[in-house]
Amino acid sequence: MIQFDTVHKRFPNGTTAVHDLSLDMPEGGVTVLVGSSGCGKTTTLRMINRMVDPTSGTIRVGGKDVLDQDAAELRRSIGYVIQQSGLFPHRTVLDNIATVPLLLGWGRKKARTRAAELLETVGLSADAGKRFPHQLSGGQQQRVGVARALAADPPVLLMDEPFGAVDPVVRTQLQDELLRLQKELSKTIVFVTHDIDEAVRLGDQIAVFRTGGHLVQCATPAELLARPADDFVADFLGAERGLKLLSLTTLKDVPQGPAPESGAWTLVLDEARRPLHWRTADTGTGTAAGTELPVRPLKDTDSLLSALNESIASPTGLVARVDANGALTGVTSRDDIHKHAGQAHTTASVAI
Ligand SMILES: Nc1ncnc2c1ncn2[C@@H]1O[C@H](COP(=O)(O)OP(=O)(O)OP(=O)(O)O)[C@@H](O)[C@H]1O
C-alpha cells in the first residue's frame, strides 16, 4: 500500500532526517516506526501525506507517486492522528470529527451523522459530542482524534505517538480499542512510538531506526525479538526481550490437568465453578491451615507471559485456567509453562 523507494530527506539546515529509506508497508497492516529521539520517524510519517517532501527517492501510496498528487487533496484522503489529539479547541467534539467530511463537501447533515456514528465506534457517549475538547479527559480527546482521522473512511491512517500523553492504564485501553477497530476496519496504519511494548503489541511489522535516519531492521515483532539484527536493536528491545516474546504467544496450546482436590493447597470454587482462592489444607506449606490466598485465573487467550507471571505468584506454582464464563477448565503447572516458553523461543528463532 505504501512504498518507500530510496527516500532521502535533508532539511535546508543540512540535517539528514531520513537516509535512503526503502520500506514497504503492506495493505491492511500496522507498521510501527520506532527508534530513539530524532532518528527520523516523524519525518518519515509526514512524507507520506506530503507535510514534508523528500529530497530524493519515491513514495507511492496505492501505487501512485505522492508527488504527482495535490498535497491538500492527499492529506484529506489520509487519516492523521497526533499526540495531544490536535483538536480545534473552539469547535465541539462532533464538529471536530466532521472536519474532513465537511472539507470534502459531504454537507452538514451527512457529516454530522457520520461524526455521531464514529463517536460510538470509538467508545464515547453521544453527550460527549456536544462538549468542547477541554471538557474531555486526555484519553477521551485521543479517542476523538482517532474518530476525526477515520471520518472520511480513509484507507491509510498515520498515527504519530497518539497515546504518548496518557497514563499507562488509559494507554492500554486505547491500544485495545485500536486493535479492536483494526480487526473491523483493516486500515493500513503507520504508527510512530518510542515505546517498544506498544510497538510489539500493535505492530504487524516493526521498523527500527537509528540516528541519522537509518533503518536498521524491519521485521515482525516475533522475528525482531527472537533475532535482532545487531546490538543496537537488541539494546533498544531491552534486557527483557525474551519475556516480551512470550507476550506474543497464548496459553491455548499449553496442557492442563485437574485441579488438586487434596494436598497442601486446594482451589476453592463458587457454585458456578469459578475459582475463588487457594486454601491451605494443612501446615505442610509453612502457612497456617485454612489460609486463603488470591487466585488470578487465566483464559486460553491470555499470553504465556501472563501465565509465567502467575505461575511465579501462585503459592502452588499452578495456574488456574477458566473458560469465557470464568468457570474452571483445569490447572497448568509452572513446569509446563516453562517448557512452552522455551518452545516459543525456539520456534520464533527457527521459523525465520
Ligand atoms: N523542519 C526541520 N528543519 C530542520 N531539521 C529538522 C526539521 N524537522 C526535523 N528535523 C530534524 O530531523 C531529525 C529527525 O527528526 P524527526 O522529528 O523526524 O525525528 P523523530 O524520530 O520523530 O524524533 P522524536 O522521537 O523526538 O519525535 C532531527 O534531527 C530533527 O531535529
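Student: At what angle do helix α12 and helix α13 pack?
Tutor: This is a predicted model, in which local features need pLDDT of at least 70, side-chain atom pairs count only at pLDDT 80 or more, and totals for chains, interfaces and linings use all residues. Residues are numbered from 1 along each chain as its sequence is written. Helices here are DSSP runs (H or I, at least four residues; strands are E, at least two), numbered from the N terminus. With axes (lines fitted to C-alpha atoms, for helices over the stretch in contact; angles run from 0 to 180 degrees between N-to-C directions) 10 Å apart, α12 (residues 304–313) and α13 (residues 334–350) pack at about 145°.

Student: Which residues of α12 make the contact with α13?
Tutor: Residues are in contact if their C-beta atoms, placed from the backbone, lie within 7 Å. On the α13 side these are Arg-334, Ile-337, His-340, Ala-341 and Ala-344; on the α12 side, Leu-304, Ala-307, Leu-308 and Ser-311.

Student: Which residue in β12 is the bridge partner of Leu-269?
Tutor: Two strands pair if DSSP finds at least two bridges between them. β11 and β12 (residues 275–280) run antiparallel and are joined by 5 bridges. The partner of Leu-269 is Pro-275.

Definitions and conventions: Two residues are in contact if their C-beta atoms, placed from the backbone, lie within 7 Å.
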